[in-house]
Amino acid sequence: MALKGASGGGPAQRTFVDNVYHHTRDAILSGKYPPGMALRLQELAAANEVSLIPVREALRLLEAEQFVETIPNKGARVAWVSLDDVRDAYRTRIVLEVEALNRAYRHLTPDDLDKARKIKDDMMRRFRRGESAAGFELHRELHFLLYRPSQSKWLLNFISILWDHTERYRRLATPMHRDLDEVGEEHLRVLEALERKDKAGALRALRQHLQHTAQLLEQLPADAKADG
């Protein structure tokens, strides 16, 4: 029988760390662990049925992704949503993702666009049913389907890092749309421009989509954000 939180850096230990990491990350993204919530080692260890060792390592990984922050003499807590971080992250996302679509444009096939439409429709069905986790997975799949033909591993790598970091922000912004149809319409404008071979229109629609998300996040209530 494997020991819970066994010491060392072997496969068993890595599995414990991964489990705590994913469980805690999902709880932060879903809002179960809201901004500012204290992350107590003993409670996380009990919730994940592990020792303190993998909990500490998982929190270090989450801190590196800026989901968690450590306060001297107080311990770890869920990082506050920072407007400065939102602005910086989305400005950078716009540059990278618009460039990825720009490079991918000539490689996108009708089959790619047909698949993208089906993913978009499935995404919206999931959101309407309240299946938000599945909806956000499809949202990622849709965007990366359009970016992957850019054939730039560095662009895709940096976009993936930023995408993961801003997932919490997207989940906060989605309910702030006038209605769910607005989410679908923003993605549809990108796809329709690509289908009619309007490259400039597609890049403009993508930029506006990302800018709108950032604008919605500016309206977050004060208790969900902290500047700086």
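Student: Hi! Where is the place of L59, in which helix?
Tutor: Hello! L59 sits in helix α3, which covers residues 52-64. Keep in mind that this is a predicted model.

Student: OK. Is L59 buried or exposed?
Tutor: L59 counts as buried, because its relative accessibility is 8% and the cut-off for buried is under 20%.

Student: And what does L59 touch, if I skip residues up to four places away in sequence?
Tutor: In that case L59 touches L39, L41, L44, V68 and A76.

Student: How far apart in space are L59 and E69?
Tutor: From C-alpha to C-alpha they are 8.7 Å apart, and 10 residues separate L59 and E69 in sequence.

Student: Let's zoom out. How many helices and strands does the protein chain have?
Tutor: The protein chain has nine helices and three strands. Going along the sequence, the pattern reads α-β-α-α-β-β-α-α-α-α-α-α.

Student: How much of the chain counts as buried?
Tutor: The buried share is 45% of the 228 residues in the protein chain.

Student: Which residues touch the most other members in the largest nonpolar core?
Tutor: Those are L101, L146, Y147 and L194, in a core of 43 residues. Helices α4 (83-104), α5 (110-128), α6 (132-147), α7, α8 (180-195) and α9 (199-217) each supply at least two residues of this core.

Student: What about the second core? How many residues are in it?
Tutor: That separate core has 20 residues, and our friend L59 is one of them. Its members also include A27, V50 and A58.

Student: New topic: H187. Where is its place?
Tutor: H187 is in helix α8. With a relative accessible area of 5%, H187 is buried.

Student: Which side chain does the side chain of H187 make a polar contact with?
Tutor: The partner is the side chain of H139, at 3.1 Å. Leaving aside neighbours within four places in sequence, H187 is in contact with H139 and also with K120, M123, L142, H143 and H209.

Student: Now the surface. Which residues make the nonpolar surface patch of about 350 Å²?
Tutor: W154, F158 and I161 make that patch. F158 belongs to helix α7, residues 153-173.

Student: Last one, about loops. What is phi of E49 near?
Tutor: Phi of E49 is near 55 degrees, a positive value in a residue other than glycine. E49 lies in the loop between α2 (41-48) and α3, and E49 is exposed, with a relative accessible area of 52%.

Student: And Q66, what is its phi near, and where is Q66?
Tutor: Q66 has a phi near 70 degrees, again positive in a residue other than glycine. Q66 is in the loop between α3 and β2 (68-71). At 46% relative accessibility, Q66 counts as partly exposed.

Notes: Residues are numbered from 1 along each chain as its sequence is written. This is a predicted model: local features need pLDDT of at least 70, side-chain atom pairs count only at pLDDT 80 or more; totals for chains, interfaces and linings use all residues. Side-chain values use heavy atoms; hydrogens and water are left out. Patches are made of residues with over 30% relative accessible area and no salt bridge: like charges are joined within 9 Å, nonpolar side chains (Val, Leu, Ile, Met, Phe, Trp, Tyr) within 5 Å. Accessible areas come from the Shrake-Rupley method with a 1.4 Å probe; for residues, only the protein chains shown count as cover. A salt bridge is a side-chain nitrogen of Lys or Arg within 4 Å of a carboxyl oxygen of Asp or Glu. Helices (H or I, at least four residues) and strands (E, at least two) are DSSP runs, numbered from the N terminus. Buried means under 20% relative accessible area, exposed over 50%, partly exposed in between (1.4 Å probe, protein chains only). A nonpolar core is a set of buried Ala, Val, Leu, Ile, Met, Phe, Trp, Tyr and Cys residues joined through side-chain atoms within 4.5 Å. A polar contact is a pair of N or O atoms within 3.5 Å; within protein, one must be able to donate a hydrogen and the other to accept it, and residues adjacent in sequence count only if both atoms are side-chain atoms. Contact means heavy atoms within 4.5 Å.
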